[in-house]
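Me: I am new to this structure and would like to go through it slowly, one question at a time. Please show it first.

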Amino acid sequence: MSKDNIGLNLEYEVLRNDFTKAGEASSNIKKILTQLGINSSIIRRIAIATYEAEMNIAIHSLGGCITVNVTPKEINIVALDNGPGIEDIELAMQEGYSTAPNSVRELGFGAGMGLSNMKRCSDKFKITSQKGKNTRVNMIIYI
Amino acid sequence: MKLKSIQETLNAEVLTGKEFLEKEVKAAFGCDLMSDVLAFVKEDTILLTGLVNPQVIRTAEMIDVYAIVFVRGKKPSQQVLDMAKERDILLMTTDHILYNACGILYSHGLKGLDLEEGAIV
Ligand SMILES: Nc1ncnc2c1ncn2[C@@H]1O[C@H](COP(=O)(O)OP(=O)(O)O)[C@@H](O)[C@H]1O
Ligand SMILES: [Mg+2]
């Protein structure tokens with residue numbers, strides 16, 4: 001299979017607070033995209049975007065999943081969790097804003113750069129969330 | 001700068017990946033914030049950090065970093081060593097603190113990243 005005739009759907013569960021496994025989904029996605037022969041700088045952007053999304057689900061949510069849809073034109077990533085949602089998305093998007101606890105900062109996360117990293121790596125970026133419900137991040141990267 | 005020269009200059013102990021000592025990096029980045037590493041690190045960069053958890057290896061993997069120096073004599077768990085080995089990442093540890101380790105490498109000609117050129121993407 002090459003990237004010119006692909007139609008591939010990947011789905012990964014991301015567990016809450018599991019920092020040993022966190023990153024495995026992104027690692028897998030990166031491996032598969034590399035096998036498909038996608039350009040390495042595009043893969044880097046996808047790897048950063050999915051990894052930040054995966055960490056956010058593990059750190060800030062009750063758990064969720066990441067789905068990746070690969071077509072010959074683009075990579076469509078959806079990070080969807082089971083809540084608790086974000087009250088003020090504009091605030092959450094600000095660089096440096098973070099509600100991560102100290103235990104997470106000790107792992108090197110919680111600098112408040114994740115969402116802006118994800119946006120910067122995407123050609124299209126959309127975050128929707130409702131407090132008390134859930135958060136959905138949709139990122140599209142053209143290939 | 002060759003990884004071997006970095007090891008000698010920092011008087012560092014190689015923890016895994018001896019076979020990659022002949023590889024060469026163009027720049028270094030010293031940081032304990034993984035999102036900053038993800039945002040700024042470009043190709044052929046060695047990472048210096050005081051963190052030794054699995055997320056450091058994951059972060060390196062995402063952006064194709066193949067060499068990491070742990071400072072302050074820190075050593076990761078066997079699990080982290082295995083993760084690095086699986087991913088062909090060389091790990092070394094030096095007794096220098098982060099600031100000094102970076103300064104020593106800089107004074108030996110290994111520059112930092114040029115942010116003027118923009119982040120990697
Ligand atoms: N999936 C999510 N569910 C709930 N809150 C989130 C989620 N993702 C991000 N947030 C909120 O947005 C803030 C900023 O996120 P981010 O930019 O990734 O920085 P960091 O993860 O370092 O805190 C988080 O601290 C958190 O309050
Ligand atoms: Mg984050």
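Me: How are helix α3 and helix α4 of chain B arranged, roughly parallel or roughly antiparallel?
Reply: In this predicted model, helix α3 of chain B covers residues 54-62 and helix α4 of chain B covers residues 78-86, and their axes lie 9 Å apart at an angle of about 10°. Angles under 35 degrees count as roughly parallel. Therefore α3(B) and α4(B) are described as roughly parallel.

Me: Which residues of α4(B) are met by residues of α3(B)?
Reply: By class, the contact of α3(B) with α4(B) is made up of five nonpolar residues, one polar residue and one charged residue. From α3(B) come Pro54(B), Ile57(B) and Arg58(B), and the residues that they meet in α4(B) are Gln79(B), Val80(B), Met83(B) and Ala84(B).

Me: Which residue has a side-chain N or O atom 2.5 Å from an oxygen atom of ligand 1?
Reply: Ligand 1 is surrounded by 16 residues, and the closest are His60(A), Asp81(A), Ser98(A), Thr99(A) and Gly112(A). Backbone N or O atoms also approach oxygen atoms of ligand 1, with 3.2 Å for Gly110(A) and 3.2 Å for Ala111(A). The side chain that places an N or O atom 2.5 Å from an oxygen atom of ligand 1 is that of Thr99(A).

Me: How much of the area that ligand 1 exposes when taken alone does the protein bury?
Reply: The surroundings of ligand 1 consist of 16 residues, with Asp81(A) and Ser98(A) among the closest. Taken alone, ligand 1 exposes 530 Å², and the share of this area that the protein buries is 94%.

Technical notes
Residues numbered from 1 in each chain as written. Chains lettered and ligands numbered in written order. Predicted model: local features only at pLDDT ≥ 70, side-chain atom pairs only at ≥ 80, totals over all residues. Heavy atoms only, no water. Axes fitted to C-alpha atoms, helices over the stretch in contact; angles between N-to-C directions. Helix = DSSP H or I, 4+ residues; strand = E, 2+ residues; numbered from the N terminus. Parallel < 35°, antiparallel > 145°, perpendicular 65-115°, else oblique. Contact = heavy atoms within 4.5 Å. Nonpolar A, V, L, I, M, F, W, Y, C, P; charged D, E, K, R; others polar. Near = heavy atom within 4 Å. Polar contact = N/O pair within 3.5 Å; in protein donor to acceptor, adjacent residues only side chain to side chain. Areas by Shrake-Rupley, 256 points an atom, 1.4 Å probe, with all protein chains shown as cover.
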